[in-house]
Each structure stands twice: as structure tokens, then as C-alpha cells.
Amino acid sequence: MEIKGVGIGRGVAVGPVIRMAAPLEEPADTPRPESIPAETEIERVTKSLALVNADLNRRAEEAANGDEATKKAAPILQAIAMFASDPSLAEGINTFIKQGKTAERAVFDGFAGIEAMFKAIGGYQAERAADLHDVGQRVIADLLGVPAPGVPYSETPFVLVAEDLSPADTAALDMDKTLAIVTSQGGPTSHTAILARARGIVAVVSAAEAADLKDGEQVIVNAAAGTITTDPTEEQINAAEHAKAKAAAAKELRGKPGATKDGHHIPLLANVGKPADADPALEYGAEGVGLFRSEFLFIGNSEPPSVEEQTKAYAELLSRFPGKKVVIRMLDAGADKPLPFLTPEDEPNPALGLRGLRTLREHMNVLEGQLKALAAADAQTDADLWVMAPMVADEHEAAYFVKLGKSFGLKKVGVMAEVPSIAIMADKVAQVADFVSIGTNDLTQYTMAADRTLGSVANYQTAWHPAVLRMIKLIADAGNKYGMPVGVCGEAAADPDLAVVLAGIGVNSLSMTPVALDDVRAELANWTLEEAQEKAAKALNGDFYKPAE
Ligand code: PEP
Ligand code: MG
């Protein structure tokens with residue numbers, strides 16, 4: 001049987017399913033039957049606590065022997081394990097049992113008491129309350145003989161199947177064991193999907209029927225096709241192995257510039273979220289940075305970072321790319337990236353409210369502080385800095401931002417194209433902006449009127465829709481007419497087949513999460529510019545778009 005979903009990237013994986021267990025229900029607070037003595041319950045709890053403690057310690061040990069990212073989890077797991085061996089917690093649970101509670105309820109109440117205490121202390125302790133809760137849930141799951149909730153543990157590699165994953169779940173994945181992720185919810189541009197892509201995990205999201213997959217079932221997950229094949233034949237497994245080998249071959253071109261078969265250069269750039277992401281960008285052969293999402297400096301703070309702090313971060317990034325293009329995006333606050341000190345709380349429809357440049361213009365101190373920091377960082381380094389504003393509606397806003405940016409001494413100032421209005425006005429925009437970078441995640445969201453964070457409208461969230469491609473063509477045509485560079489920095493650029501179409505439409509550069517660079521580079525090299533243009537003509541006609549049934 002074949003289950004359809006939305007593939008992230010091009011990877012293929014074959015392996016057995018392990019389901020992420022659903023959250024446990026709260027154990028009933030009914031008295032324990034008299035036939036079950038307290039000693040028996042205490043013995044069961046003691047065993048479960050010891051088992052959870054040993055399990056977490058074993059995972060800590062394994063993490064300590066893993067790669068750099070996994071190593072960081074070791075001390076956290078060790079600290080969490082200690083909760084399960086805390087004598088005062090065990091004593092509290094035993095007291096509850098002696099008072100007539102069931103083992104499960106006693107554990108629930110025992111942990112809940114300490115969780116409440118941690119929360120009341122606040123700060124670091126309050127943050128540990130969630131960890132404590134997780135340990136309690138593991139103990140209760142063991143007592144009930146059901147799988148523990150959260151990311152499962154396995155000695156052997158597996159395909160993780162879940163309703164959806166939180167960013168924390170995705171970060172906790174053991175990359176040596178996770179062959180692929182399949183979710184029944186979540187859209188292709190959800191932040192979970194972006195994370196899966198950034199970590200190079202084979203993933204198919206929004207596959208509703210995946211909810212019926214069973215533990216241990218053998219499946220083929222094909223992200224390029226967006227399918228999960230259950231009960232595969234030997235022939236299908238061989239084909240999947242061949243696809244995996246093809247992906248490995250794509251690595252061979254790493255280090256070469258992006259180009260079509262006939263040598264038409266399409267620079268392949270990286271999307272990065274913090275200066276340290278320069279490492280994977282360079283590792284995967286990015287020719288520069290096409291999108292630096294500057295939000296990381298602002299998220300989690302109660303006020304904007306100082307100009308000095310920002311200058312340091314931008315200079316850190318720029319210094320990693322001497323002589324290369326680095327496009328930094330101004331703060332994009334609002335909608336799916338709300339910031340408490342900038343985003344109004346009472347917007348009924350935040351995606352259509354204050355976000356991007358609209359937010360910045362309401363907070364000139366933030367806008368000017370960021371421009372000042374960018375100009376200072378530019379003066380300290382040798383990268384080729386380009387600066388752009390998000391969520392720009394038309395040529396008037398573009399002209400405003402370009403003029404302002406230049407008044408701070410910035411040399412290349414451009415705008416993102418994320419809403420249909422700017423595409424429709426592209427010929428005017430091309431006469432005032434130094435460049436345009438197309439954010440296909442939002443351009444798709446706004447063209448198709450489909451919230452990018454909603455799984456229920458995931459079918460609409462595809463840049464393969466000819467309406468989205470025609471928007472892109474309007475911008476590319478205007479750029480080429482007026483000699484203004486046009487890039488794509490949304491997730492569409494990371495889809496190798498779509499990247500060929502974008503090149504054929506006339507886009508000049510593509511920027512994507514670094515792990516996608518190999519596949520895009522390899523696919524572009526298979527097509528001459530003329531062939532890409534022919535493919536683009538078909539795509540613009542809707543030949544590759546499959547409407548939902
Ligand atoms: C986009 O909208 O395509 C984009 C690149 O910006 P973000 O995903 O950060 O909104
Ligand atoms: Mg966007």
C-alpha cells in the first residue's frame with residue numbers, strides 16, 4: 001500500500017516503524033482494591049523507578065559517545081536520570097501508596113508535588129519541571145506496560161512515526177538511529193519540517209494515513225515522491241537502495257559552483273539562522289549566504305539587542321565569508337514569528353497584520369538600530385553585504401527601505417518578495433531596489449491564501465502551483481529586464497526539481513538550507529539552460545501540479 005504525504009527533501013529510507021507513543025492519560029484517583037497490598041505496589045514502583053533511571057543513564061552514556069550535537073544531551077540526560085533515584089521522591093510516593101492510592105496514581109501525585117515546587121521556585125528550577133514530568137510519565141508507562149511517551153528509544157535504526165514533532169523532539173532525535181520521520185500532521189513549511197530539512201532527516205509530513213502504521217512494520221519512506229510504501233516488495237526495496245546510492249553520488253560535485261549542464265552559473269547560497277550556521281554552509285559548499293534570518297538575536301529577549309551586540313553577531317557571520325555575498329534579512333517579527341515587545345497581541349489574523357517591514361516602521365528605534373549595526377559590521381569585514389527587508393508590499397515600500405538603508409551607508413539594499421502585490425508591481429520595484437529575493441514560503445501562503453502553519457491546508461502550500469510560479473516569473477522577468485538580480489530563498493529552492501524550474505524561469509541565484517545544496521547542485525548539472533526553460537514552460541502551464549483529489 002502507498003500512503004501519500006508531503007516529502008521534505010529527496011532522501012529515501014527503508015526500515016521498521018516505531019511509533020511515538022501518545023501522551024498518557026492521568027491515572028484515576030480511585031482507591032486501590034484491598035486485594036492489592038501496599039508492599040506489592042511499593043515493590044512495583046521501586047522496580048520501575050530503577051528501570052527508568054538505568055534507561056536514562058544508558059542513553060546518557062550513548063549520547064556521550066555520539067557526535068558533537070548529541071554529546072550535549074549527555075549531561076542533561078544524566079541530570080534527568082537522577083530524578084528517578086531521588087530517595088525523598090520515592091518516600092513520598094510510598095507514603096501515598098500506604099494511604100491507599102494505586103502505584104500509578106501515587107507516582108503521578110508524587111511527581112506532581114515536586115513539579116509544583118519547582119515551578120514555584122521559578123527560573124532554572126521551573127524549567128526543569130517539564131523534565132521531571134517526563135520522568136514521571138516514563139515511570140507510569142512502565143507500570144502500565146505501555147511505551148513511554150516522547151521520542152522512543154531503540155537499539156536498532158527505525159522510521160519514527162508521530163502525529164507531529166515539537167522542535168524539542170526533533171532536536172532530541174538520535175541521528176544514528178532515526179532513518180526517517182513520518183508525521184500525520186504538520187505542513188511542509190512548518191518549522192518542524194524546516195528543522196528536519198536543516199538536520200538532513202528524511203521526512204514525509206502531513207501523511208494522514210500514517211496514523212494507521214504499526215510498530216515493527218517495514219516501510220520505504222521516499223521524500224522525493226512524498227510516499228510511504230508499506231509491505232514493500234524486494235524489487236521496491238532494491239529501487240529504494242538505488243535512489244539512496246544516487247543521493248550519495250550527488251556529494252561528488254560539492255565544492256563546485258552551481259551551474260547548468262551548459263555552464264550557466266546559478267550561485268547556490270545558504271540559508272542560515274545564526275552565525276554558527278556558517279559551518280554547515282561552508283561544509284556543503286555554499287557560495288555565500290542568501291538568507292540570514294536575523295530573528296535569532298531578538299527571539300527570547302524582552303527587549304531588542306543593543307547595536308553593539310548586533311554588530312558583533314553580524315561581523316561574526318560576515319567574517320566567515322570574505323569576498324562572498326552575504327544577504328542579511330532585517331528582523332521579520334509578527335505572524336508565525338511574534339515578538340512580545342513588538343507584535344500586537346490583539347490581531348485577529350496575524351499573518352495579515354503587522355509583520356516584517358510593517359512592524360519595523362512602527363518601531364523606528366529597532367529599524368535604525370539594526371541598520372546601524374549592519375553598516376558597522378560591514379565596515380569591519382570583507383564580505384559583500386546585501387541587506388533586505390521582509391514583507392514588502394510594493395515599489396513605494398521598496399523605495400522607502402532602499403533610501404533608508406543607503407542613508408546608513410549600506411551599499412546593496414533590496415527587498416523580499418513574499419506577497420502577491422510586490423510580484424504584480426515587480427516592473428516598478430525593479431527600478432528602485434538593488435535586488436529582490438523571493439520568499440516562496442510566504443509567497444505561496446499569501447498567493448494560495450493557505451496558512452503555512454496549518455496541516456489542514458498543506459495541499460495548497462506548494463510552489464509547484466502555477467499561480468505561485470507565475471508570480472515568480474513576473475519578478476524574474478522584471479529583474480532581467482532592468483538588470484536587477486532576483487534570487488529565491490524560500491524552501492522551494494531546496495527542491496531539486498523545482499530548482500531547475502526556477503532557473504528556467506530566469507531566477508539568478510538559489511538559497512537553501514545547507515544540506516539541500518548537494519542534491520540541487522547535482523540536479524541543475526543534469527539540465528542545459530534551454531532544457532530548464534522548456535521544463536519551466538510546462539511548470540508554468542501547470543503540467544506538474546497535481547490538484548488535491
Ligand atoms: C519565506 O517566506 O520564504 C522566507 C524565506 O522567510 P521565512 O520562512 O523566514 O518567513
Ligand atoms: Mg517569509
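Which of the 15 residues around ligand 1 come nearest? They are R293, K337, G439, N441 and R452. Keep in mind as you read on that this is a predicted model.

β10 (288-293) and α17 are the elements that give two or more residues to the shell around ligand 1. Of the elements, α17 gives the most, with three residues.

Now for some atom-to-atom distances. In the side chain of R452, an N or O atom is 2.8 Å from an oxygen atom of ligand 1. D442 has a polar side-chain atom that lies 2.9 Å from an oxygen atom of the ligand. T440 takes part through its backbone: a polar atom there is 3.1 Å from an oxygen atom of ligand 1. On its own, ligand 1 has 290 Å² of accessible area, and the protein covers 100% of that. The space that ligand 1 takes is the second largest cavity.

## The magnesium ion

Ligand 2 is a magnesium ion, and two residues coordinate it at 2.0 Å: E418 (OE) and D442 (OD). These two residues are 24 residues apart and link distant parts of the chain. E418 is in the loop between β13 (412-417) and α15 (420-424), while D442 is in helix α17 (residues 440-448). Both E418 and D442 are buried.

## A closer look at D442

Is D442 buried or exposed? D442 counts as buried because its relative accessible area is 2%, and buried means under 20%.

The side chain of D442 also makes polar contacts within the protein. One is with the side chain of R355, at 3.1 Å. Another is with the side chain of R452, also at 3.1 Å. R452 is one of the residues that come nearest to ligand 1, and the side chain of D442 has a polar atom 2.9 Å from an oxygen atom of that ligand.

## A visit to P304

For another stop, find P304, in the loop between β10 and α11 (307-318). How exposed is P304, and what is its relative accessible area? P304 is partly exposed because its relative accessible area is 30%, which falls between the cut-offs of 20% and 50%.

Definitions and conventions: Residues are numbered from 1 along each chain as its sequence is written. Chains are lettered from A and ligands numbered from 1 in the order in which they are written. This is a predicted model: local features need pLDDT of at least 70, side-chain atom pairs count only at pLDDT 80 or more; totals for chains, interfaces and linings use all residues. Side-chain values use heavy atoms; hydrogens and water are left out. Donors are N, O and S atoms within 2.8 Å of the metal (3.2 Å for Na, K and Ca); water is not among the atoms, so sites may look incomplete. Helices (H or I, at least four residues) and strands (E, at least two) are DSSP runs, numbered from the N terminus. Buried means under 20% relative accessible area, exposed over 50%, partly exposed in between (1.4 Å probe, protein chains only). A residue is near a molecule or strand if one of its heavy atoms lies within 4 Å of it. A polar contact is a pair of N or O atoms within 3.5 Å; within protein, one must be able to donate a hydrogen and the other to accept it, and residues adjacent in sequence count only if both atoms are side-chain atoms. Accessible areas come from the Shrake-Rupley method with a 1.4 Å probe; for residues, only the protein chains shown count as cover. On a 1 Å grid over the protein atoms alone, a cavity is a set of points where a 1.4 Å probe fits but cannot get out, and a pocket is an open set with protein on both sides within 12 Å along at least five of seven lines; lining residues have an atom within 4 Å of a point. A molecule sits in a cavity or pocket if more than half of its atoms lie within 2 Å of its grid points.
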